[in-house]
Amino acid sequence: MFDLAGPAVSSTPDLHEDPGLGADWWAGLRSALADIGAAPSTKITLRQSWVEEAFPKYLGIPAPVEIERIAGHGDLQWANLTARPLKILDWERWGLVPVGYDPAVLWVSSLLVPAVAHRIREEFADVLGSPAGRVGQLVALAEMLQAVHRGYYPELAPLLDDRARELTGVTPPPAPVAGATDSTQIDGGTR
């Protein structure tokens, strides 16, 4: 197998240490996401039916009736980004995503490294601070909390709960006891 893009920033979706990305990298990411957002698309990456089930189940709040969408990568996490040079990998989920969803996915994937999580909030404050961007953040949180309920990212669970509570004012429902299953599918076409 050939590595034409360079190594990913992280071997896992979540970040465990600051990769030391410079201002040019962040400017490049902002520019790339703006370009992606301007691209035409009709494919819905996150279905409304998933949102309607996931919000009450993982955030403890009703789902928004309408979601403003924009073209996006759909899986913008650290294993899908290279550092030098910036490249965005793994485009299988590309399509219409909630506004702010891509930077929000990167943000929730960075919560173990507060300086990077803060940098993402600063770099994308215009998007994440908007009402539509708040919905994008909640979708990203619901998706990551779903993974926590399935036994992934246990170290992120309390941080995700805290961020969800900050955005909603509601404590998210607790994850099930180990060994229990979660029937809400992410992959396989139901998300």
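The exercises below, each with a worked solution, concern aromatic rings, a helix pair and backbone geometry in a predicted model.

**Exercise 1. Classify the ring pair Trp25 and Trp26, and state whether each residue is buried or exposed.**

Step 1. A search of the whole structure finds four aromatic pairs. One of them is Trp25 with Trp26, whose ring centres lie 4.9 Å apart with the planes at 85°.
Step 2. Planes over 60 degrees apart count as edge-to-face, so the pair Trp25 and Trp26 is edge-to-face.
Step 3. Residues under 20% relative accessible area count as buried. Trp25 has 7% and is therefore buried; Trp26, at 3%, is buried too.
Step 4. Trp25 and Trp26 belong to one aromatic cluster with Trp78.

**Exercise 2. Classify the ring pair Tyr152 and Tyr153, then describe the setting of each residue.**

Step 1. The ring centres of Tyr152 and Tyr153 are 6.4 Å apart and the planes are at 50°.
Step 2. Tyr152 has 52% relative accessibility and counts as exposed, whereas Tyr153, with 18%, is buried.
Step 3. Tyr153 is found in the loop between α6 and α7, and has a positive phi of about 55° although it is not a glycine.

**Exercise 3. Determine how helices α6 and α7 are arranged, and which residues meet.**

Step 1. Two packed helices are described by the angle between their axes and the distance between the axes.
Step 2. For α6 (residues 131–149) and α7 (residues 157–168) the angle is about 150° and the axes are 10 Å apart.
Step 3. Angles over 145 degrees count as roughly antiparallel, so α6 and α7 are roughly antiparallel to each other.
Step 4. The crossing of α6 past α7 is left-handed.
Step 5. Residues of α6 in the contact include Leu138, Leu141 and Leu145; among those they and others meet in α7 are Leu160, Ala164 and Leu167.

**Exercise 4. Describe the backbone at Pro85 and at Asp90.**

Step 1. Most residues other than glycine have a negative phi, and most peptide bonds are trans.
Step 2. The peptide bond from Arg84 to Pro85 is cis, with omega near 0°. Pro85 lies in the loop between β2 (81–82) and β3 (87–88).
Step 3. Asp90 is not a glycine, yet has a positive phi of about 60°. Its place is the loop between β3 and β4 (95–98).
Step 4. With a relative accessible area of 32%, Asp90 is partly exposed.

Definitions and conventions: Residues are numbered from 1 along each chain as its sequence is written. This is a predicted model: local features need pLDDT of at least 70, side-chain atom pairs count only at pLDDT 80 or more; totals for chains, interfaces and linings use all residues. Side-chain values use heavy atoms; hydrogens and water are left out. Rings of Phe, Tyr and Trp (its six-membered ring) pair if their centres lie within 6.5 Å; planes under 30 degrees apart count as stacked, over 60 as edge-to-face and the rest as tilted. Buried means under 20% relative accessible area, exposed over 50%, partly exposed in between (1.4 Å probe, protein chains only). Axes are lines fitted to C-alpha atoms, for helices over the stretch in contact, and angles run from 0 to 180 degrees between N-to-C directions. Helices (H or I, at least four residues) and strands (E, at least two) are DSSP runs, numbered from the N terminus. Angles under 35 degrees count as roughly parallel, over 145 as roughly antiparallel, 65 to 115 as roughly perpendicular and the rest as oblique. A crossing is left-handed if the near helix is turned anticlockwise from the far one by less than a right angle, and right-handed if clockwise. Contact means heavy atoms within 4.5 Å.
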